Amino acid sequence: MKRVFLGIILAGAVSSAFAQKSEVNEAKKKWGIFQLTSQGASTPLPKKMEAIKAGLAHTDKAIADEKSKIMPEAWSYRALFASSAAIIDTVDAANADANLKIAQDAIVEGKKIDTKGAEKDNFALAETNIANAVRNAGVMAYNKKDYKTAYTKFVQATEINPQDTAMYLNAGIAARNTENWPATIQQFKKVISLNSPQSSDLYNELVDITLRKQKDTTAALAIIKEAAAKYPENVELIKTETQIYIDRGDAAKSEQMLNSLAAKEPNNASYQVLLGNIYFSQALKLQNDRNKIDAKKVKEFNEVTAKMNGLLDKSLPYYKKALEIDSKNVGALETLKTIYGFRNDTKNYEDIKKRLDALPKQ
């Protein structure tokens, strides 16, 4: 009786193992069919999801059994089905996320037991599906103007691929759209750290955010210093730095800095324009102050006017020098036109206006 009893147990065990292995085989078969019939754009989404659900059901049974759950194939095909669901389900975001989790867990569990790398190609394909699913979800959320979800997805994409510069940039843009300035700065700095071709422009934006949104001139100057070391030709950064010093009442610092740069590059018209802007900006500020003076206070009005003209006189040689270097420098021409218009200097005003009008239209 013992032998019979033992034989029954062994037979049952073999039968069970065979049954569970058949679940893995069925999953493989279903995957092959899915690849052939469900990858075309003409196949309706519900039909695709139905095929995936059927394949996953076989892996559910396979990983539920002690004997077949140690088979790497059980996990690799589970990862393939679930990651495919995550990437193609553009209707139910919650379902896509749930399948994403199933796929990620399957990859982790499967790799633990796939010591010989027999399923490495399937796991690699599933990982690619996961990465694309997350990226696509971010883009879809962004297009729906769900910027918070888009940000979360783009960040998730960077966690999957830490070298994905485009996803850091997308995350920064999504954060910017929700006015999450710390997150925007963090993501843009990461893009810069990866030596993106857009780094110079991103530095400009970081400075703008730090100044306008966070009102932090000290942090802005630190960013400018870092950027200027990498992009000394970025005139916008230099212009902003000089304006910060002017706003701080330290025009001397701006002038010192720009004179040093102009000495190194005497043929750079932009530095001459920026030197002129130091005095022109101060003159504009005085003009705003003058507009607030009571019309009866003639003496005070005239004193401010005299100071304004003194500053404009200081600015003129720099703009003229800029035009000697570059006769078509729009910044110099526009400012001179403004100054001559303010002073009712018709002859010079008309001359500058003609030169501006002759320039190619942008």
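Select W75 first: this residue lies in helix α3 (residues 72-88), where helices are DSSP runs of H or I of at least four residues, numbered from the N terminus. The model is predicted: local features need pLDDT of at least 70, side-chain atom pairs count only at pLDDT 80 or more, and totals for chains, interfaces and linings use all residues. Residues are numbered from 1 along each chain as its sequence is written, and side-chain values use heavy atoms, with hydrogens and water left out.

W75 has a relative accessible area of 12% and is therefore buried (under 20% relative accessible area, 1.4 Å probe, protein chains only). Next, display its contacts (heavy atoms within 4.5 Å); beyond neighbours within four places in sequence, they are I63, K69, A106, E109, G110, I113 and F123.

Now colour the chain by pLDDT, the predictor's confidence in each residue, from 0 to 100. The protein chain averages 88, and 93% of the residues score at least 70. Where pLDDT is low, the predicted coordinates should not be read in detail.

Move to α8. At its start, a side-chain oxygen of N180 comes within 3.3 Å of the backbone nitrogen of A183. The buried residues of α8 are W181, A183, T184, I185, Q187, F188, V191 and I192; their cover includes α6 (147-160), α7 (165-177), α9 (199-213) and α10 (217-230).

Methods. Helices (H or I, at least four residues) and strands (E, at least two) are DSSP runs, numbered from the N terminus. Buried means under 20% relative accessible area, exposed over 50%, partly exposed in between (1.4 Å probe, protein chains only). A polar contact is a pair of N or O atoms within 3.5 Å; within protein, one must be able to donate a hydrogen and the other to accept it, and residues adjacent in sequence count only if both atoms are side-chain atoms.
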